[in-house]
Amino acid sequence: MGDEPVMATNDDASECKRGAVQLGYWEDKYISFFVKQIVKKAPEINRGYFARVRGVETLVQKFLSKSGSCAQIINFGCGFDTLYWKLKDEGLQISNYIDVDFPTVTARKCYMIKRNKQLLDKIHGEDGEVRLSSTDMHAGNYHCIGADMRNLHQLETKLSQAEINFSKPTLFIAECVLVYIENDCVNRLLSWISSKFQSAMFINYEMCNMNDTFGDVMLGNLKARGCNLAGISCCKNLETQKLRYLNNGWLGSNAWDMVQVYHDLSETERHRIEKIEFLDEQELLVQLFQHYCISIGWLTPEFADVNCSGGF
Ligand SMILES: C[S@@+](CC[C@H](N)C(=O)[O-])C[C@H]1O[C@@H](n2cnc3c(N)ncnc32)[C@H](O)[C@@H]1O
């Protein structure tokens, strides 16, 4: 099985985000530059994406408030994610931001950024220079690099071209990515990070509690689309999600299913988005939330109390 169906999952995620933004679940001025099509999804899916995006963003904010402006962010399997531009609009200072995906995906992302003034204007360095190849882009503190995360040698070379600094506090994000990668490769990646970086936190969003009938149906649907879920065995439960950090040299870890994450987000925001679309099957949403989670790992103790509570 090739990597194309895995890369195609980015189109699906981006379309879902675009659709939810269009309905007002959250604000993103940039997603429509990457995705033109608006596809209507079920209300449960939109709420799922709301919890996913807001959950991850809450943890990002908490990491940044502890790390300050020398922080770096590496967004693994970034797809068309727009986090860099949103952080820029919020005035959050970081020293370096690196988007990473397969070269086929980053080539498309770089091409769209290059052709769009609003996207380009935000990433220009002080000298206004943008260095581009067909798959990579380096501009100011924004980098978009094409690398296969299973190939650590290629990844390390590309990260050094993106001016990565192993001594600065670094946040890794993998939003629905690790499940497509063989466990051995994820273990090697996590071990490589823990051996190289002085201070880091990892945010991982993906499936959990897959060992039941609902999980079987979800897996069947994904497999029918030709996606090899090579890393699914780590999605057994919250414990397996937490353990993989500890087994690969990380100091600590935590994990919450999306029932918990959603509940921890701001009550005002939950009430606001619950009015956007009528949900006639509450049970289905709960089941969906039970089968996805966010886990975090940390290399240094200052991140041990990071969680989604009070999220915006
Ligand atoms: C479901 S999409 C998620 C995209 C983005 N993180 C988001 O949440 O909007 C999964 C992404 O992971 C990328 N990916 C999967 N395996 C990868 C690998 N071995 N190396 C680099 N990227 C990978 C895919 O190309 C795809 O863009």
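Helix H1 (residues 4–23) and helix H3 (residues 43–67) pack at an angle of about 95° and are therefore roughly perpendicular (65 to 115 degrees) to each other. The model is predicted: local features need pLDDT of at least 70 and side-chain atom pairs pLDDT 80 or more, whereas totals for chains, interfaces and linings use all residues. Residues are numbered from 1 along each chain as its sequence is written, and side-chain values use heavy atoms, without hydrogens and water.

On the H1 side, Ala13, Cys16, Lys17, Ala20 and Leu23 make the contact (heavy atoms within 4.5 Å); on the H3 side, Ile45, Asn46, Tyr49, Arg52 and Val53 do so. Seven of these residues are nonpolar, one is polar and two are charged.

H3 also packs against helix H13 (residues 282–290).

| Helix pair | Angle | Axis distance |
|---|---|---|
| H1 and H3 | about 95° | 9 Å |
| H3 and H13 | about 40° | 10 Å |

Thr135 lies in the loop between strand S3 (130–132) and strand S4 (137–139). With a relative accessible area of 17%, Thr135 is buried (under 20%). The side chains of Thr135 and Asp136 are joined by a polar contact (N or O atoms within 3.5 Å) of 2.8 Å. Beyond four places in sequence, Thr135 touches residues including Pro103, Cys110, Cys144 and Lys158.

Definitions and conventions
Axes are lines fitted to C-alpha atoms, for helices over the stretch in contact, and angles run from 0 to 180 degrees between N-to-C directions. Helices (H or I, at least four residues) and strands (E, at least two) are DSSP runs, numbered from the N terminus. Angles under 35 degrees count as roughly parallel, over 145 as roughly antiparallel, 65 to 115 as roughly perpendicular and the rest as oblique. Ala, Val, Leu, Ile, Met, Phe, Trp, Tyr, Cys and Pro count as nonpolar, Asp, Glu, Lys and Arg as charged, and the others, Gly among them, as polar. Buried means under 20% relative accessible area, exposed over 50%, partly exposed in between (1.4 Å probe, protein chains only). A polar contact is a pair of N or O atoms within 3.5 Å; within protein, one must be able to donate a hydrogen and the other to accept it, and residues adjacent in sequence count only if both atoms are side-chain atoms.
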